[in-house]
Amino acid sequence: MKQDKLFAKLSHVDAPQIKITPPGPKSQEILAYQAANESSVISYSKGMPMAMAKGKGATIEDVDGNIYIDMFSGAGVMAMGHGHPDILKEAHAAIDNVTHTLDIPSPIRQKMVASLKKVLPKELTRVFFGGPTGSDAVEQAIKLAKYNTGRHGVIAFEGAYHGMTGMALALTCDSSHRQGLGPQFPGVQFLPYPYEYRNPFGCPDENVQIQAAENLERVLSDSHSGFEKPAAVILESVQGEGGTIIPAPVFLQRVREICTKHDIVMICDEIQAGIGRTGKMFAFEHGDIVPDIVTMSKALGGLGFPISAIAYREELNTWPAGLTIGTFRGNMIAFAAGSAALEWIQDNDVLEHAAGLGEKCMEKLKELENSSSIVGQVRGLGMMLAIEMVKDKETREPAGDFAKLIRKHAHQRGVMIEVGGHHGNVARLLPPLIITEDLAMKGLEIIAGVIKDIEDGKAS
Ligand SMILES: Cc1ncc(COP(=O)(O)O)c(C=O)c1O
């Protein structure tokens with residue numbers, strides 16, 4: 001890949017290096033302290049038991065000296081890799097000046113807004129920083145839609161993940177996150193997302209995309225559908241936690257048309273798929289559409305500094321001052337790193353790299369799909385890749401245990417990945433966008449080896 005020479009300087013090119021099967025003794029000690037003192041709800045360190053010492057580009061070193069290829073990026077946050085020197089420089093400079101200003105402006109804040117406006121569609125004229133997490137951005141987007149329409153319902157899609165706070169949780173489908181919580185916000189209703197591999201409609205697979213969109217039209221135009229006219233339709237432009245489900249442009253386009261026709265606010269949640277992850281700055285660009293509101297977070301803070309934002313159309317800018325407030329509404333270090341990252345992405349052809357390398361990864365993953373009896377389907381767009389595991393290719397019975405085994409053994413062999421999907425059966429890969437072809441191919445090779453061992457009953 002054209003940018004490999006430049007990007008190679010950012011990572012340990014000789015990764016992975018596993019000196020001792022993780023978790024090594026130092027990691028074990030720290031993990032034991034965590035288990036004894038932190039909440040029982042801790043989860044990532046159970047799937048990938050290790051204690052982290054240092055990150056470098058698309059690689060991570062644990063406290064025992066093992067070096068991993070990071071194909072997880074802290075759930076998509078570290079798009080520019082760990083410790084990117086040019087971005088760090090800006091963050092270091094910011095920390096010596098002013099770090100917290102509520103929403104009082106500063107040159108750094110202005111730079112962040114200007115950098116964002118450079119990459120956003122011109123129709124999205126307004127930017128609002130409503131809190132540090134992705135969930136905060138979702139809450140603010142829904143609030144803005146409700147305030148402007150005077151309606152309170154929201155339509156979301158099955159398999160959606162929008163966050164863990166009140167409204168965002170109500171819009172998140174995974175029942176494991178709702179256990180013991182009782183009823184969620186009223187007015188939220190779900191429709192099937194165009195998940196072709198597990199076709200929810202029983203129609204020919206090639207019709208799933210249009211069927212999913214027309215289903216929205218049907219419930220909105222049928223007064224007996226039981227759906228009230230909502231304030232907003234919210235969707236992930238590529239569904240992430242639901243299993244990296246990639247809609248066809250026609251689905252996004254038709255949903256856009258339907259929202260316009262019914263005067264409903266269309267919200268694209270780009271918290272995971274945005275900021276270059278799919279090879280375009282925003283995943284909705286693959287459908288050549290512009291939503292009314294876009295949510296952003298994760299990679300927006302440049303190097304994992306917490307920040308989130310929404311951007312929206314001018315006509316929605318009706319909020320009176322102070323209608324929605326909050327203490328952490330923009331962090332100067334995150335702004336400095338975030339704007340540096342946005343500029344670096346554009347100056348160094350990062351989108352082109354992510355798109356091109358994504359295609360190469362998909363060629364390799366397709367070989368795996370064709371050769372393995374337990375890989376149901378592989379999916380990918382840019383650096384958002386997935387392997388859906390099944391017990392049987394004919395029945396497509398989901399194999400959640402296989403996906404977890406991939407995570408476990410890939411980690412032991414020096415590759416970090418995540419598990420997701422409707423049935424917990426999707427191995428999800430979200431490498432930093434600056435990963436080199438060589439590291440990406442090594443990572444995929446290791447994963448393919450693990451899958452072969454699972455298939456042969458040699459990895460349990
Ligand atoms: C699409 C999407 N929306 C919202 C969120 C919530 O973000 P946060 O975990 O920062 O609250 C996530 C997190 O994974 C996400 O993937």
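Colleague: By class, how many nonpolar, polar and charged residues does the shell around the ligand have?
Modeller: The shell around the ligand has five nonpolar, eight polar and three charged residues, where Ala, Val, Leu, Ile, Met, Phe, Trp, Tyr, Cys and Pro count as nonpolar, Asp, Glu, Lys and Arg as charged, and the others, Gly among them, as polar. This is a predicted model, in which local features need pLDDT of at least 70 and side-chain atom pairs count only at pLDDT 80 or more, while totals for chains, interfaces and linings use all residues. Residues are numbered from 1 along each chain as its sequence is written.

Colleague: Which residues come nearest to the ligand?
Modeller: Of the 16 residues around the ligand, T133, G134, S135, G163 and Q272 come nearest, a residue being near if its C-beta atom, placed from the backbone, lies within 6 Å of the molecule.

Colleague: And which helix gives the most to that shell?
Modeller: That is helix α7, residues 134-149, with three residues; helices (H or I, at least four residues) and strands (E, at least two) are DSSP runs, numbered from the N terminus.

Colleague: Changing topic, what is the mean pLDDT, and where is confidence lowest?
Modeller: The mean pLDDT, the predictor's confidence in each residue from 0 to 100, is 97 for the protein, and 100% of its residues reach 70 or more. Confidence is lowest in helix α3 (residues 44-47), at a mean of 94, and highest in strand β8 (residues 265-269), at 99.

Colleague: What are the domains, and how far apart are their centres?
Modeller: The domain assignment, automatic or from a database, gives domain 1 as 4-71 + 350-455 and domain 2 as 86-347, and their C-alpha centres lie 26 Å apart.

Colleague: How many residues of each are in contact?
Modeller: On the domain 1 side there are 21 residues in contact with 17 of domain 2, contact meaning that the C-beta atoms of two residues, placed from the backbone, lie within 7 Å. The largest share of the domain 1 side, five residues, comes from α12, and by class that side has 11 nonpolar, seven polar and three charged residues.

Colleague: Last one, D438: where is it, and why does it count as partly exposed?
Modeller: D438 is found in helix α14, residues 437-455, and it counts as partly exposed because it has 16 C-beta neighbours inside 10 Å, whereas a buried residue has 20 or more other C-beta atoms within 10 Å of its own and an exposed one 12 or fewer, with C-beta atoms placed from the backbone. D438 and M1 are 437 residues apart in sequence, yet 9.2 Å apart in space, C-alpha to C-alpha.
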